[in-house]
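I opened this model to look up a few local features and noted each one as I went. My entries follow.

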Amino acid sequence: MDLNNLTVAIVGAGYAGATTAKALSLLGANVTVYEQAPASGEVGAGIGLRPSSMDAFRRWGMLDAITSVSTPSPSFEILTATGELIMEMEWPEKHELGLTTHLIHRRDFIDALLGVLPEGMVRFGYKMTTVTDLGERARLDFENGESVEADLVIAADGISSLVRRQIFSDKPPVFSGEHAYRAVFPIADAHGLVTDDKFRMYINELGSKLYLLPLGRRGQVSFDVTVPSDDASWAPALTRETLVAAMAGFDPRIEEVTRTLDLGIVNSRAAYDIDPVDTWHTGSVALVGDAAHAMLHHQGQGANSAVLDAQGLADALADAASVAEGLALYQARRKPITDELQRISRSGWDAAAIDDVFPGQHQDESPVAS
Ligand SMILES: Cc1cc2nc3c(=O)[nH]c(=O)nc-3n(C[C@H](O)[C@H](O)[C@H](O)COP(=O)(O)OP(=O)(O)OC[C@H]3O[C@@H](n4cnc5c(N)ncnc54)[C@H](O)[C@@H]3O)c2cc1C
């Protein structure tokens with residue numbers, strides 16, 4: 001369909017909202033993004049942008065905006081807690097797409113995404129309070145008293161999505177039984193742990209993990225500890241004792257980081273996801289990103305899925321004869337993939353899961369379509 005006269009209101013200016021705005025505006029849609037925060041903000045942590053996401057950026061003509069603030073990574077290693085190599089994989093689809101995974105700081109990523117959107121497309125300080133499905137249009141009401149109507153409302157409002165709760169599912173997010181403690185600091189303070197651009201995961205028999213993600217372009221490393229815990233508070237208090245105990249018995253250099261790290265820069269979060277949502281769309285409202293399929297971080301696919309939703313939604317609308325048909329096509333193409341990613345992300349990374357996801361530990365095997 002021709003998107004030139006289509007008005008689109010997007011709730012949320014995270015990765016899903018920003019990429020959907022980019023993809024739909026390139027097709028001519030008249031897009032506005034409404035973000036509750038007064039300005040863009042992100043936690044200190046790194047993420048990996050998979051080849052499939054990099055391919056989307058190339059299609060959108062913004063590859064340079066991403067590569068100029070990220071670092072190409074050759075491969076991904078899984079190691080025992082004390083550093084013995086269990087397996088090394090090249091990033092799936094690297095050769096087919098001619099692009100590798102890029103490691104990036106979350107702040108740099110959102111700045112790059114918002115930086116390629118036209119001035120005024122994103123409106124900060126707009127907290128949506130009510131969404132109303134009017135059939136062929138939908139309305140958003142905001143806390144500041146304003147309202148808008150659009151042909152298409154895209155809910156990119158994250159794991160606790162109000163749009164999802166008001167229209168699609170009132171099931172709350174699910175606690176994983178894990179905490180994640182994340183910090184970004186200079187590679188020089190990593191006690192020799194970081195000497196290249198490989199992404200590494202260290203894991204012990206209790207399921208405690210360290211994700212070590214070099215941010216070479218910044219001269220920093222993202223240090224992400226994930227440990228079992230039964231405390232479900234969203235932002236649990238973190239003590240030195242807890243952090244040190246979490247990595248006890250790991251490589252001595254990892255233990256040393258936990259003893260010396262400035263606790264003031266550590267972001268502490270309980271890990272949550274959601275159960276798959278049966279339906280992602282009506283005739284004029286659709287879910288994207290974490291609002292549709294928040295998943296645990298163990299496969300590093302949350303941000304990538306947001307990017308691929310944006311691409312998938314734009315392609316589906318372009319291929320369809322109407323908005324309603326396009327939204328149905330989008331769900332049919334994307335939901336089976338994200339349902340599976342939610343499932344394997346929940347299964348974590350014990351030895352059985354490694355075998356499930358990478359059968360035979362083949363170097364080039366893709367975990368699932370990404
Ligand atoms: C520390 C960390 C590390 C991660 N690492 C990786 C990784 O390596 N690879 C990966 O692929 N994924 C990773 N993830 C997951 C990834 O970050 C998420 O999947 C991704 O942020 C989802 O993007 P989103 O835009 O859907 O949601 P969000 O990023 O949550 O954005 C939602 C936006 O909507 C806004 N909003 C919410 N409610 C309203 C409202 N009522 N009105 C207006 N605006 C509203 C919010 O303020 C926010 O800006 C990580 C997550 C975290 C926290």
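**Entry 1: helix α8**

I began with the packing of α8. Its buried residues pack against β13 (174-186), β14 (199-203), β15 (209-215), β16 (220-228) and α7 (240-246). I kept in mind that this is a predicted model.

Next I asked which residues of α8 (residues 252-260) are buried. I found Ile 254, Val 257 and Thr 258. They sit on the same side of α8, because they cover an arc of only 95° around the axis.

**Entry 2: Asp 231**

I then moved to the loop between β16 and α7, where Asp 231 lies. Is Asp 231 buried, exposed or partly exposed? I read a relative accessible area of 32%. Buried would need under 20% and exposed over 50%, so Asp 231 counts as partly exposed.

I looked up its contacts, leaving aside neighbours within four places in sequence. Asp 231 is in contact with Phe 175, His 179, Pro 236 and Ala 270.

**Entry 3: the ligand shell**

I turned to the ligand. How many residues surround it? I have 27. The closest are Ala 16, Glu 35, Arg 106, Asp 290 and Ala 303.

I sorted the shell by residue class. It divides into 11 nonpolar, 10 polar and 6 charged residues.

I then asked which elements supply at least two residues each. They are α1 (15-26), β2 (30-35), β3 (46-49) and α10 (302-319). The largest share comes from α10, with 3 residues.

**Entry 4: oxygen atoms of the ligand**

I listed N or O atoms of the protein beside ligand oxygens. For Tyr 15, a backbone N or O atom lies 3.1 Å from an oxygen atom of the ligand. For Gln 36, the N or O atom belongs to the side chain, and the distance to a ligand oxygen is 3.1 Å. For Gln 301, I was back at the backbone, where an N or O atom lies 3.4 Å from an oxygen atom of the ligand.

Last, I looked up the cover. On its own, the ligand has 990 Å² of accessible area, and the protein covers 83% of that.

Notes: Residues numbered from 1 in each chain as written. Predicted model: local features only at pLDDT ≥ 70, side-chain atom pairs only at ≥ 80, totals over all residues. Heavy atoms only, no water. Near = heavy atom within 4 Å. Polar contact = N/O pair within 3.5 Å; in protein donor to acceptor, adjacent residues only side chain to side chain. Areas by Shrake-Rupley, 256 points an atom, 1.4 Å probe, with all protein chains shown as cover. Helix = DSSP H or I, 4+ residues; strand = E, 2+ residues; numbered from the N terminus. Nonpolar A, V, L, I, M, F, W, Y, C, P; charged D, E, K, R; others polar. Buried < 20%, exposed > 50% of the residue type's maximum accessible area, 1.4 Å probe, protein only. Arc of directions from axis to C-beta. Contact = heavy atoms within 4.5 Å.
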